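Please look at the structure below and follow the description one part at a time.

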Amino acid sequence: MRKIYYTLLSLGIVATVFSSCSDWLDVRPSDEIKEEFLFETGNGYRTALNGIYRKLSTQDLYGQNLSWGIVDALGEVHDYDIVSDVGGGNAMKKVSKRLFKDIELVPTTDAMWEAAWNIVANCNNLAQQVEGADTTLFYKGEEERNMILGEAIGLRAYIQFDLLRLYAPAPSANPGERTFIPYVEEYPAYVNNKQTVAYCLDHVIKDLQKAQGLLKPIDEAQSFRVYERLEYIYDGEDRFLAERGYRLNYYAITALLARVYLYAGNLDMAYNEAMKIIKLQKDEGFFDFTDVYNISTNGNIKFYDDIIFTLYTTELIDWELEINYSSEEQAEYNQSYLCWHTEKVKDIFGNEQNDDYRLLYQFEKKYHGYRTLKYHKQEEKSSNGRWGNPMIPMIRMSEVYYIAAEAICDKNLAEAQDYVETVKEGRGVAVDLSSLDKNGLINMILNDVQRELLGEGQVFFMFKRLNRQVLRYSGTGSSAKKTPILPTEENFVLPLPDSESNIK
């Protein structure tokens with residue numbers, strides 16, 4: 001039996017499921033705490049939840065690998081030939097070349113796998129502990145207890161959904177009754193059998209529906225204007241209950257349900273969930289698109305006004321700079337950075353290059369192509385730049401519009417066209433899409449997703465869901481070429497770590 005201990009971190013605690021089989025220490029070091037002591041107070045539950053968010057924000061997970069790192073490498077989002085070999089850059093190059101068992105990549109993917117299941121174990125333990133906890137332990141009683149429970153259940157679904165998308169074929173590829181990864185809902189879990197894609201999706205949906213029900217009355221009772229959901233204006237317990245943009249709130253879970261339903265091929269349910277958020281934006285103005293003044297003058301190049309859920313880490317810039325390095329002391333042709341190939345910019349942005357805020361403010365023309373700036377240190381012209389630097393966008397309003405458009409285009413093409421036009425106009429591109437048929441509109445969505453969600457870990461999953469090939473851009477000038485990577489299991493499904501070969 002594996003014993004679990006909790007290590008205190010500056011913003012919370014993170015449990016490890018890989019500790020030794022030795023008994024509990026009778027004397028607790030200052031940075032370790034037993035479970036029964038942790039959950040004696042409401043503050044212990046808050047600490048546990050904060051620790052989960054902190055772990056999610058690390059380089060092993062959404063701080064790199066599951067956002068602008070491994071997942072984007074699978075989708076050929078950047079030109080990885082230009083990326084530095086340090087700080088995980090070499091691992092991304094191996095992913096791009098589909099060398100999944102390369103000795104330089106395996107430690108990175110193994111660490112990602114272990115960290116993800118560590119999150120699941122922590123979420124399950126927290127959910128089980130808080131569900132039966134006395135409400136008098138909590139500052140806001142039952143409301144706070146339900147908030148913690150809803151977020152713990154929602155987060156375990158979030159991370160397991162992404163594991164499913166990485167380590168199993170998409171439903172559209174007809175995986176059938178084959179089994180790929182477990183879906184774990186208990187702590188401790190001693191038997192973790194692999195399950196089918198359909199089984200995992202069903203359990204993700206059930207978890208999100210439960211979390212949605214718990215969080216709806218809490219989040220509908222407060223404002224989600226950008227300053228109220230993201231700005232640090234509270235102290236103590238009040239701060240834990242506010243700033244909901246940094247937490248898996250009700251609206252984020254609703255948007256995530258739309259994402260899951262679309263992946264599962266349930267268009268009606270995807271549309272219904274997406275419309276809840278679209279109606280909210282229209283009625284309340286929450287998650288409106290960032291205006292150009294806020295971008296150009298205030299340095300808000302991450303467009304955080306329409307982010308529904310974001311993680312936070314002060315270390316993000318340091319991690320990004322490890323592989324995205326340039327120095328005035330170096331000749332430009334010797335610098336390394338995350339970038340788009342010049343030909344890709346032409347293909348994706350076409351004749352809209354002079355209008356689209358995403359190209360104008362999230363890219364920088366460099367020797368090798370167009371350097372991507374979404375995770376590069378933003379100018380601190382105002383508080384906006386400082387806000388954007390630590391943010392890891394997890395789901396934003398534009399994706400909700402894409403989901404609604406794709407889900408409704410069979411039934412109401414004009415409505416679907418309007419949703420895509422809304423996103424493009426929100427990014428500075430005035431366009432009339434009324435001449436597009438269904439296939440043309442899907443292609444337009446795929447094109448715009450590449451502009452909008454680069455570095456956010458979603459581009460690859462759209463290609464995978466639609467069974468579309470991705471293009472690898474390489475070379476320069478007359479030797480520039482585009483190499484198609486076909487949507488096969490060999491190319492689009494990560495193999496399980498060798499250490500998990502005993503999972504049945």
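Helix 10 and helix 11 cross in a left-handed way. This crossing belongs to a predicted model. Helix 10 covers residues 250-264 and helix 11 covers residues 267-284; their axes come within 7 Å and cross at roughly 150°. Angles over 145 degrees count as roughly antiparallel, so helix 10 is roughly antiparallel to helix 11.

Which residues make the contact between these two helices? From helix 10 come Tyr250, Tyr251, Thr254, Ala255, Leu257, Ala258, Tyr261 and Leu262. Helix 11 contributes Leu267, Met269, Ala270, Glu273, Ala274, Lys276, Ile277 and Leu280. Sorted by class, the contact of helix 10 with helix 11 holds 13 nonpolar residues, 1 polar residue and 2 charged residues.

Now turn to a pair of strands. Strand 6, residues 307-312, pairs with strand 10 in the antiparallel sense, and 5 bridges link the two. Within this pairing, Phe309 stands opposite Ile395 of strand 10. Is strand 10 mostly covered or mostly exposed? Strand 10 runs over residues 391-396 and is mostly covered, with 6 of its 6 residues buried.

These parts sit in a longer chain. The protein chain has 504 residues, of which 59% count as buried. Its secondary structure comprises 21 helices and 12 strands. How far apart in sequence are the residues that touch? Taking contacts in the protein chain between residues at least 6 apart in sequence, 70% join residues at least 24 apart.

Terms used: Residues numbered from 1 in each chain as written. Predicted model: local features only at pLDDT ≥ 70, side-chain atom pairs only at ≥ 80, totals over all residues. Heavy atoms only, no water. Buried < 20%, exposed > 50% of the residue type's maximum accessible area, 1.4 Å probe, protein only. Helix = DSSP H or I, 4+ residues; strand = E, 2+ residues; numbered from the N terminus. Pairing = 2+ DSSP bridges. Axes fitted to C-alpha atoms, helices over the stretch in contact; angles between N-to-C directions. Parallel < 35°, antiparallel > 145°, perpendicular 65-115°, else oblique. Left-handed = near helix turned anticlockwise from the far one by under 90°. Contact = heavy atoms within 4.5 Å. Nonpolar A, V, L, I, M, F, W, Y, C, P; charged D, E, K, R; others polar.
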